[in-house]
Amino acid sequence: MTSLSRRSILRGAAALGGATLLSRPTFADERLPVLRAAPTSAQLAPAGYPSTPVWAYATEATGTVPGPEIRLGAGERVRFQLVNGLPQATAVHWHGIRIENAMDGAAPLTQAPVPPGDTFDYDFVAPDPGTYWYHSHNRSTEQVARGLAGPLIVEDREPWLGEPGAATRELVLILDDWLLDSDARIIEDRWDDLHAASHGGRMGNTVTVNGAANPELDIQPGERVRLRIINTATDRIMPLSLPHLSPQLIALDGHPITPREVETLILGPAQRADVVIDGRVDGDTRAGLLLDPGNGDWLEIASFVHSGDSLPLRGADVRPLPAWGTLPVPDLSYPQTEMLLMEGGAMRGMREARFDGKTMGFRELAANGMVWAFNGAASQMDEPMFRAALGRMVRLEMTNRSMFPHAIHLHGHHFTVLSRSGAANMEGDVRDTVLVGADETVDIVFVADNPGQWMIHCHMLSHQKAGMMAWFEVA
Ligand code: C2O
Ligand code: CU
């Protein structure tokens, strides 16, 4: 069957409710549990609005937005057969997992995109505890914007919940940003919007928490809860605050940190934060999770509704999460130093860059959908940005010469943030995605201990698509 006829059959199947074609045994080898990506609908906008046609992951009959929670212990395997019920090729990336290269889902670098109707078996170990997520990694500007993202939670290696100073309960909060029209339909004609791509990216107009507009979350007065917050938006940087809830940060991008109080928290696309909150005990029954949409207003995107008996406060000292103990400690004495220069975008632009094997001027680049470059090259996929010998310490000096922040993500590795614009980052946070502000320099360091070809890109997916995409090789 040609992919064309397959596609038209799929369209027909989708019109009939989607499941017909894929339940045919020819397509599914049921060896692994199925993770199906397919069209469905979800009630994203407040009650009274129609539901929104979305693309969603499903482990059960119907897909959900966000996708079903995948939860396992550290060192256990994630095993799924991706079944593609979408009208486009797709692939699943397991964001932040220090995974084996062939399972990284980074199409087209680590696997071919899976055509409609086809399957792909993912089977890998998740070595480190923490808060992660999975999402489409093919045509992701469109596919993630349509809903293909879900939480992947790797539980702590030693008991933490319920221990002294720890939380008694946890809540996973998936934050997303949707561009909807007045009928709550996803606006579909702007995947290639170069104006948006050369600014902050394709911004939505509806922020959801766990797929709902301003959901109410129950909490007991005085209760200590661990929030696992994940920003799955394609492009929106989310400044967040949790007033009256004494938030303390305990992990970033899955990796534990020494607990510290936070007033506001900035999560770029793909970043995660684990935050401990204490339910209020002042008699007030509400508190909000607030987001600044970029104009200094703080909007409530979820609310914590207090009810029940007041619990004794667990005290100010938050118990740190158990350390990973799995990351090699960087030896800073003899690093391989590499540069990542970010250029392009509105208001600064770039005179020229290499694309598709030629040097092009600004106009020709834009005609090819490219408005950003890494080290003078837009979407350079034919050769690596750098190579590192297995086990080598790499120091990457990232300079943002544009007017916009970028969320730089390295596949297959976590890295230590050494400094920002020359000032040492005393906290030494370990992350997989870091925001680099306009005109800022961020130095990171990591041990290249995972062999393979690994993507490095901006996780503002509009920027990724418009040039901020490359890879490095560890061998
Ligand atoms: Cu969230 Cu290339 O990844
Ligand atoms: Cu960017």
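Student: What makes Phe386 part of a strand?
Tutor: Phe386 is found in strand S24, residues 386-388. Strands here are DSSP runs of E with at least two residues, helices are runs of H or I with at least four, and both are numbered from the N terminus. Before we go on: this is a predicted model, where local features need pLDDT of at least 70 and side-chain atom pairs count only at pLDDT 80 or more, while totals for chains, interfaces and linings use all residues. Residues are numbered from 1 along each chain as written, chains are lettered from A and ligands numbered from 1 in written order, and side-chain values use heavy atoms, without hydrogens and water.

Student: Why is Phe386 called buried?
Tutor: Buried means under 20% relative accessible area, exposed over 50%, and partly exposed in between, with a 1.4 Å probe and protein chains only. Phe386 has 5%, so it is buried.

Student: Which residues does Phe386 touch?
Tutor: Contact means heavy atoms within 4.5 Å. Not counting residues up to four places away in sequence, Phe386 touches Gln336, Glu338, Val394, Leu396, Phe446, Trp471, Phe472 and Glu473.

Student: And Asn101: why does that residue count as buried?
Tutor: Its relative accessibility is 16%, so Asn101 counts as buried. Asn101 is found in the loop between strand S5 (92-95) and S6.

Student: What does the side chain of Asn101 reach?
Tutor: The backbone oxygen of Gln453, at 2.7 Å. A polar contact is a pair of N or O atoms within 3.5 Å; within protein, one must be able to donate a hydrogen and the other to accept it, and residues adjacent in sequence count only if both atoms are side-chain atoms.

Student: How do you know which residues coordinate the copper ion (ligand 2)?
Tutor: Donors are N, O and S atoms within 2.8 Å of the metal (3.2 Å for Na, K and Ca); water is not among the atoms, so sites may look incomplete. His406 (ND1), Cys458 (SG) and His463 (ND1) coordinate the copper ion at 2.0 to 2.1 Å. His406 lies in strand S26 (residues 406-410) and His463 in helix H6 (residues 461-465), 57 residues apart, and the pair links distant parts of the chain.

Student: Are those two histidines, His406 and His463, buried or exposed?
Tutor: His406 has a relative accessible area of 0%, so it is buried. His463 is also at 0%, so it is buried.

Student: In what sense do S4 and S6 pair?
Tutor: Two strands pair if DSSP finds at least two bridges between them. Strand S4 (residues 77-84) and S6 have 7 bridges, in the antiparallel sense.
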